Amino acid sequence: MTLNAETRLLAAIAYGESSSKDVYEEMAGIASVMLRQAKARGFATVSAFVGKVKSFTFVVKDGNERYGRLMKATEKEIEKDKVLSAAVKAAENAMSDGIDYSNGAYFWDGADIKSSYSTHFKVARGIHFTHEAHNIYKIKGSEGKFEIAITVERRVKGRMVLERKVLGTVSYQYESTAAYGGTIFWKFSDDYLKIKGGKEYI
């Protein structure tokens, strides 16, 4: 095995972000989302992406044990370990435009979407399960009526003020695309993208 730095990094992120169930499809899906996000934001490499956008994945900097294990492992150790080898295979699958197990997702969530349900960022903006099998944590969809608004600046009586401008409403912002192991994959809903103006990645 000859493992370059970029493949190792993507494999370590996929392994670190995935659950301890060690499901290949889960790791492969995360790897695909990482690459899709990097490309959408204009980065040529995953390393450049995580170096600049530090909030998208925390495993690179937060001392994640799984991430660290793969980053430190020798190529021989990876070859002998079934799970580490699967993580590398997942990264290679994404980098070679193989099967996208995330089904076009730009985001994912793990167990925290259940443990922090009442305060979760996505839940507060509306989540919708497109398939019952995606609801691996047996939580409620948070469909409702959500205003999509922007802040605009305009002049009032000679001075500039900020105002909230409502662009429209949606039933939910996020819809599920797949789920494996302990990870649910998401993308923005079409209605949200139409109102928001198109960026699928942020």
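The structure is a predicted model, in which local features need pLDDT of at least 70, side-chain atom pairs count only at pLDDT 80 or more, and totals for chains, interfaces and linings use all residues. Residues are numbered from 1 along each chain as its sequence is written, and side-chain values use heavy atoms, with hydrogens and water left out. Helices (H or I, at least four residues) and strands (E, at least two) are DSSP runs, numbered from the N terminus.

**Contact of helices H1 and H4**

- The axes of helix H1 (residues 5-17) and helix H4 (residues 65-72) come within 7 Å and cross at roughly 150°; axes are lines fitted to C-alpha atoms, for helices over the stretch in contact, and angles run from 0 to 180 degrees between N-to-C directions.
- This crossing makes H1 roughly antiparallel to H4, a term for angles over 145 degrees.
- From H1, the contact (heavy atoms within 4.5 Å) is made by Arg8, Leu9, Ala11, Ala12, Ile13, Tyr15 and Gly16.
- From H4, Arg66, Tyr67, Arg69, Leu70, Met71 and Lys72 take part.
- The residues of this contact comprise eight nonpolar, one polar and four charged; Ala, Val, Leu, Ile, Met, Phe, Trp, Tyr, Cys and Pro count as nonpolar, Asp, Glu, Lys and Arg as charged, and the others, Gly among them, as polar.

**Strand S5 and its partners**

- Six of the seven residues of strand S5 (residues 174-180) are buried, that is, under 20% relative accessible area with a 1.4 Å probe and protein chains only.
- Strand S2 (residues 127-128) runs parallel to S5, and two bridges join them; strands pair if DSSP finds at least two bridges between them.
- His128 has Glu175 of S5 as its bridge partner.
- S5 and strand S6 (residues 183-188) run antiparallel and are joined by six bridges.
- Ser176 has Trp186 of S6 as its bridge partner.
- A hairpin is formed by S5 and S6 with two residues between them, and Gly181 in the turn has a positive phi of about 60°.

**Loop residues with positive phi**

- Asn103, a residue other than glycine, has a positive phi near 60°, and its place is in the loop between helix H6 (82-95) and strand S1 (107-109).
- Asn103 counts as partly exposed because its relative accessibility is 47%, between the 20% limit for buried and the 50% limit for exposed.
- Lys157, also a residue other than glycine, has a positive phi near 50° and lies in the loop between strand S3 (146-156) and strand S4 (159-170).
- Lys157 counts as exposed, with 87% relative accessibility.

Terms used
Parallel < 35°, antiparallel > 145°, perpendicular 65-115°, else oblique.
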